[in-house]
Amino acid sequence: MSRIELNEISHSYLREPKGDTDYALKRIQSVWDDGGAYALLGPSGCGKTTLLNIISGLITPSTGRVLYGDLDVTALPPEKRNIAQVFQFPVLYDTMSVFDNLAFPLRNRHIDKNDISKRVQEVAEILDLTAFLKYKAAGLAADAKQKISLGRGLVRSDVAAILFDEPLTVIDPNLKWHLRRELKEIHEKLKLTLIYVTHDQMEALTFADKVMVMYEGEIVQIGTPQDLVENPEHTFVGYFIGSPGMNFMQCTLNGNVAQVDGAGIILDQKTADLGHKSQGKLELGIRPMHVELSSEQVKNSLPAKIKSVEDLGSYKIVTLNFADKILRAKLAEGASVPSDKAWLVFSPQWIRLYSDGRLVK
Amino acid sequence: MDKWENNRAWFLTIPVLVLVAFSAIIPLMTVVNYSVQDIFGPGQSLFVGTEMYTKILRDPRLHDALWRQFLFSGLVLLIEMPLGVLIALAMPKKGWGVSFSLVALALPLLIPWNTIGSIWIIFVRPDIGLLGAFINNVLGIPFDHTRTAGEAWITLMLMEVWHWTSLVALLAYAGLRAIPEVYYQAAKIDGASAWATFRYIQLPKMRGVLTIALLLRFMDSFLIYAEPFVLTGGGPGNATTFLSIYLVKLATGQFDLGTAGAFSLIYFVIVILLCFVFYQVLQGVGKGAKQ
């Protein structure tokens with residue numbers, strides 16, 4: 001197969017959905033290229049797992065089509081699709097040895113015995129499981145169990161994509177990092193499409209070439225980690241990605257100045273023009289790392305009061321009171337922080353405008 | 001630290017000791033006491049040592065009852081275990097059907113045991129019983145559970161299966177419901193057939209509850225008394241005289257308390273030994289392999 005295409009996918013768990021809120025997924029339209037490493041990122045309950053299960057065939061969508069390459073697989077059951085799925089908790093066949101666990105998907109597909117043995121050996125080699133092949137799978141540690149779950153996907157030579165549903169939840173933090181690296185290596189070696197569901201932005205941003213951010217049943221942005229940080233297309237992305245999230249302030253436009261409760265923030269001409277064209281309620285967004293602080297008044301600076309400073313070792317988070325709103329600024333470890341009153345500079349190139357939650361462009 | 005003071009805590013166990021003494025130890029010891037005496041009547045007895053044990057162990061009627069008992073329990077397990085699992089697999093997983101089937105299955109378990117016997121006596125009567133009359137008159141097969149050993153056994157097995165398969169089914173159903181959905185999803189993706197899903201997911205995950213079901217069914221069927229007593233009274237001849245029925249005949253019919261006491265203890269040891277063996281074997285299933 002090649003790429004996976006989702007065509008106008010909607011899904012509701014109710015038999016007769018009425019309003020928009022009855023839908024777990026709303027009109028998802030998306031294309032996933034062959035061999036890519038994707039992350040599906042979003043808070044719990046946003047529809048990530050539903051979307052994943054639709055791709056693997058465990059759920060048939062209420063409307064829309066799933067295409068693998070040019071083939072419409074919407075009606076095909078999971079075993080007829082060339083995908084594999086790794087779940088949140090390791091799924092093992094307890095009574096079988098590691099070898100039999102890995103061989104299981106092949107035996108079900110009536111593959112020749114010698115080929116099975118060869119494939120299993122190869123995959124065990126890749127996953128560092130060779131030493132365990134004769135052991136009972138039930139007695140192994142959580143990370144080895146999760147590797148076996150992955151292995152059952154890798155042994156199938158027909159598999160072109162592997163879906164992961166928060167696979168590292170039950171793994172120790174120090175092993176998580178290690179396992180994620182192994183995954184990346186496997187991805188580079190085997191050129192499989194990997195789709196990785198998680199609610200952990202660190203995991204998503206380090207694992208994937210492209211991250212899809214989901215929010216209330218919609219994909220609100222697809223982009224590289226850099227895109228998500230620099231150009232969030234939705235206020236939710238700004239808020240969800242980054243720690244702390246983006247600062248948002250309601251504003252009105254007056255020429256190329258955004259008015260926030262009496263304070264005027266200067267925008268660059270292009271942003272202001274786009275803002276004037278949009279209809280909805282405007283919000284101004286800026287990342288905490290782009291809020292500059294100085295102890296004296298400088299050109300285009302605005303006064304603010306410092307509420308608190310948190311030192312997190314490698315950087316500081318300053319909470320400010322600006323025009324009756326709470327703002328956060330992220331400063332380098334060595335930076336000096338004025339004690340009470342500070343002057344803020346918002347550099348125009350990092351200011352984004354949002355209309356009804358969506359980036360104006 | 002004064003050790004003596006701490007030891008007073010042992011006094012706290014006295015209520016339990018008293019309870020266990022009255023509920024288990026004293027009755028058991030009474031039986032042990034009976035088993036070493038020859039009792040002619042109230043207040044008239046003679047210490048005979050192990051004579052009663054030797055006598056009862058050589059009693060051919062006991063041997064017959066024991067083999068009959070093994071055959072009965074074996075058949076019960078062979079039929080009820082697979083049947084119970086099959087019923088559990090076929091039961092609905094959601095909706096009103098769940099409560100309905102649970103209640104329907106629980107009904108036979110709620111009926112007093114001797115009432116079960118009475119119900120079946122009428123149910124299988126060749127002249128007016130629903131089942132008996134149906135077999136005799138509609139199917140035209142002459143059938144009367146009081147006539148031959150075979151007919152008595154068939155009737156007894158039918159009653160036993162009707163009465164107790166529910167227990168196995170309910171336990172198996174509970175075991176099945178406890179399997180996380182994700183196992184079935186993984187099996188689908190691995191292309192497992194329905195049989196493979198049963199063999200490698202459902203059956204291993206049900207091992208715990210099925211062990212309990214097997215032990216309960218074995219013990220109960222091995223100690224069965226009320227139902228055959230009411231239905232066949234141990235007959236025709238001695239065809240359905242199981243250990244309990246024979247024991248009660250000895251103890252109350254012939255007032256042979258010494259022999260009956262020795263018999264009880266042997267019976268007790270057999271049940272405990274077999275349960276232990278079953279438990280050990282089932283614990284070992286699927287675990288014995290290379291680790």
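**Exercise 1. The domains of chain B**

What distance separates the centres of domain 1 of chain B and domain 2 of chain B, taken over C-alpha atoms? Determine also which residues form the two domains and how they touch.

*Solution.* The structure is a predicted model.

Step 1. Locate the domains: in chain B, domain 1 covers 3–35 and domain 2 covers 59–284.

Step 2. Take the centres over C-alpha atoms: those of domain 1 and domain 2 of chain B are 35 Å apart.

Step 3. Examine the contact: domain 1 of chain B contributes 4 residues, which meet 6 residues of domain 2 of chain B. On the domain 1 side, 3 of the touching residues are nonpolar, 1 is polar and none is charged.

**Exercise 2. Two packed helices**

Describe how helix α8 and helix α11 of chain B pack against each other.

*Solution.* 

Step 1. Read the values: α8 (residues 149–177) and α11 (residues 207–222) of chain B pack at about 160°, and their axes lie 8 Å apart.

Step 2. Classify the angle: angles over 145 degrees count as roughly antiparallel, and therefore α8(B) and α11(B) are roughly antiparallel to each other. Their crossing is right-handed.

Step 3. Identify the contacts: α8(B) contributes residues including Trp164(B), Leu167(B) and Leu171(B), while those from α11(B) include Leu210(B), Ile212(B) and Leu216(B). By class, the contact of α8(B) with α11(B) comprises 11 nonpolar, 3 polar and 3 charged residues.

**Exercise 3. A sheet in chain A**

In what order do the strands of the open sheet of 4 strands in chain A lie, and which are its edge strands?

*Solution.* 

Step 1. Give the order: the strands of chain A run β11-β15-β21-β22, with antiparallel pairing.

Step 2. Find the edges: β11 (247–250) and β22 (358–359) of chain A each pair on one side only, and these are the edge strands.

Step 3. Inspect one pair: β15 (residues 282–286) and β21 (residues 352–355) of chain A are joined in the antiparallel sense over 4 bridges. Within this pair, Leu284(A) has Leu353(A) in β21(A) as its bridge partner.

**Exercise 4. Where the chains meet**

Which helix of chain B gives the most to the side that touches chain A?

*Solution.* 

Step 1. Count the residues: 18 of chain B are in contact with 23 of chain A.

Step 2. Assign them to helices: α9 (181–189) and α10 (194–205) of chain B each supply at least two residues of the touching side. The most come from α9(B), with 6 residues.

Step 3. Sort by class: the chain B side has 10 nonpolar, 5 polar and 3 charged residues.

Note on methods:
Residues are numbered from 1 along each chain as its sequence is written. Chains are lettered from A and ligands numbered from 1 in the order in which they are written. This is a predicted model: local features need pLDDT of at least 70, side-chain atom pairs count only at pLDDT 80 or more; totals for chains, interfaces and linings use all residues. Axes are lines fitted to C-alpha atoms, for helices over the stretch in contact, and angles run from 0 to 180 degrees between N-to-C directions. Angles under 35 degrees count as roughly parallel, over 145 as roughly antiparallel, 65 to 115 as roughly perpendicular and the rest as oblique. A crossing is left-handed if the near helix is turned anticlockwise from the far one by less than a right angle, and right-handed if clockwise. Two residues are in contact if their C-beta atoms, placed from the backbone, lie within 7 Å. Ala, Val, Leu, Ile, Met, Phe, Trp, Tyr, Cys and Pro count as nonpolar, Asp, Glu, Lys and Arg as charged, and the others, Gly among them, as polar. Two strands pair if DSSP finds at least two bridges between them. Domain bounds come from an automatic or database domain assignment.
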